[in-house]
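Please read the points below alongside the model. They go element by element, then turn to a few backbone details.

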Amino acid sequence: MHERESKDLRPASGGKFGGTLRVLGNEENNGEGLLFLGNYMALDHSRGADVYLDALKPHAVLICGKRGYGKSYTMGCMLEELAFLPEPVKGNLAALIIDTMGIFWTMRTPNSSEAGRLKNWGLPPAGLEIEVFVPAGNIEAYKKRNIEVKPFSISIRELSGSQWCRILRVEEVSPLGILLVRVVESLREKEDPYSFEDIINEIFLDERSDSASKGAAENYFRAVKSWGLFSKEGTPLSVLIAGGRTTILDVSTLENENVCAAAVSILAGRLYAERLEARRLYEKKQMGEKLEEKEFPMVWLFIDEAHIFVPAKAESLASEVLINRCLRQGRQPGLSLVLATQRPASLHPDVVSQSDLLICHRLTSSDDILALESSRPLYMQESLRAYLKKMGSERGAALIVDDHSESVHMVRIRPRRSWHGGGEPSALDPCKREKEEIKIQIPEKFR
């Protein structure tokens, strides 16, 4: 796998469009742990100096833009850069993406479809060494498509009775809801893992509920079992997260948004708790204590379609964990959060106000622009709408607001080195389309 030398501040293969180094997110960065995002875009859309994002410190990043203008593409670029970091920085970081659309498994494959664009940027195509996890019940479906995946599950005892009611869309004060909460909380008090069979047995042992409620509860839990997401033991966090590893958690097969939110809530909460403990170890080592215990790596948690998990006018099962722990407090223990959405107006307003980096691709909806404008910092000399107008409609162009340096930048995001699975399909033959794109995009000297 191609890696960039830690002292080389140029694009991965020494790209031609260099100049003054600009590091977003940490002005004190001395050239270590840099993520190459792209180049400055002048008002005439010509290419300027390289732009990098700091990876030494944790960040809260919001990526937004209408469909087809680079939101998921930019997330992929960031994942690539984290994977291509040199040691020892890479070994202290881990990346986990919650993939709601099932598009990031393609990153194993080099991006030969954009070889022409990459050559123009001085970058070679390169696939990533990633691990893809899917709900355990869907393993066979992926294997039939020749997609290499690993099983993932959540321990049943991780969910409270109240959370089960929300997942199953049952009123807590209804006879069925009361039964669910009572049974689940009774089993959780024993502090041992339990199975769906244990829950069903406990349901029928309950003497305070009617037979109709018991039958309905049994049917619900048998249906949940078929999803293949929950199990007695669950997948240990250490299987998903390790220093230097990029992990894709594909939840695209889960149609119930409450189930997705529950999974995100549990994972994010466990990541936050692990990083709190790791930060304590870090401080002890800084104070001179000799500890052999290895620290849990600093984690970059990426979440696509973030409005599902932190909605504006409601509260999902993941809202409290993502907003109050990961977003407001996560940077102190070393947890970075990258949220992406095509609908900023549907996103909880705290996401905009608490993010230290905003990467905004093209937006045309007034509601979405107003949602971002409501938290516009004073150092922005013009309105967001004015900046977006200057940026134009070019795909991949982005307005970046950096709260660390209190500055605004217009940037053209670099091409993906790994295969992008989020583009819209075309009726045109792929080989013919690639030839047409190369003909248009590659300057004469490269043909």
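Notes on the predicted model

1. Strand pairing. Strand E1 (residues 22-24) pairs with E3 in the parallel sense over 3 bridges, where strands are DSSP runs of at least two E residues, helices are runs of at least four H or I residues, and both are numbered from the N terminus. Two strands count as paired if DSSP finds at least two bridges between them. Arg 22 has Val 51 as its bridge partner in E3.

2. Basis. This is a predicted model, in which local features need pLDDT of at least 70 and side-chain atom pairs count only at pLDDT 80 or more, while totals for chains, interfaces and linings use all residues. Residues are numbered from 1 along each chain as its sequence is written, and side-chain values use heavy atoms, with hydrogens and water left out.

3. Hairpin. Strand E2 (residues 34-41) pairs with E3 in the antiparallel sense over 6 bridges. Phe 36 stands opposite Tyr 52 in E3. The two strands, E2 and E3, form a hairpin with 5 residues between them, and His 45 in the turn has a positive phi of about 70°.

4. Burial of E3. Of the 8 residues of strand E3 (residues 47-54), 6 are buried, so the strand is largely enclosed by the rest of the structure. Buried means under 20% relative accessible area, exposed over 50%, and partly exposed in between (1.4 Å probe, protein chains only).

5. Helix H1. In helix H1 (residues 71-84), 14 of the 14 residues are buried, so H1 is largely enclosed by the rest of the structure. Its end C-alpha atoms are 20 Å apart, which agrees with the 20 Å that 14 residues should span at 1.5 Å a residue. The expected span is 1.5 Å times one less than the number of residues.

6. Cis peptide. Glu 87 and Pro 88 are joined by a cis peptide bond, with omega about 5°. Pro 88 lies in the loop between H1 and strand E5 (93-99).

7. Helix H5. Helix H5 (residues 175-188) has 14 residues and reaches 20 Å from its first C-alpha to its last, close to the 20 Å expected. Its buried residues are Leu 176, Gly 177, Leu 179, Leu 180, Val 183, Val 184 and Leu 187. Seen down the axis of H5, these fall within an arc of 160°, so they line one face of the helix; the arc is that of the directions from the helix axis to the C-beta atoms. They pack against helix H4 (161-167), helix H6 (196-205) and helix H7 (211-227).

8. Val 183. Which residues does Val 183 contact, leaving aside its neighbours within four places in sequence? They are Ile 199, Glu 202, Ile 203 and Asp 206, with contact meaning heavy atoms within 4.5 Å. Val 183 is found in H5 and counts as buried at 3% relative accessibility.

9. H6 and H7. The axes of H6 and H7 come within 10 Å and cross at roughly 175°. That makes H6 roughly antiparallel to H7, a term for angles over 145 degrees. Axes are lines fitted to C-alpha atoms, for helices over the stretch in contact, and angles run from 0 to 180 degrees between N-to-C directions. Residues making the contact include Phe 196 and Ile 200 of H6 and Ala 217 and Phe 221 of H7.

10. Positive phi. Arg 169 is not a glycine, yet has a positive phi of about 55°. Arg 169 sits in the loop between H4 and H5 and is exposed, with a relative accessible area of 60%. Glu 406, also not a glycine, has a positive phi of about 50°. Glu 406 is placed in the loop between strand E14 (397-402) and strand E15 (407-413) and counts as exposed at 51% relative accessibility.

Technical notes: Angles under 35 degrees count as roughly parallel, over 145 as roughly antiparallel, 65 to 115 as roughly perpendicular and the rest as oblique.
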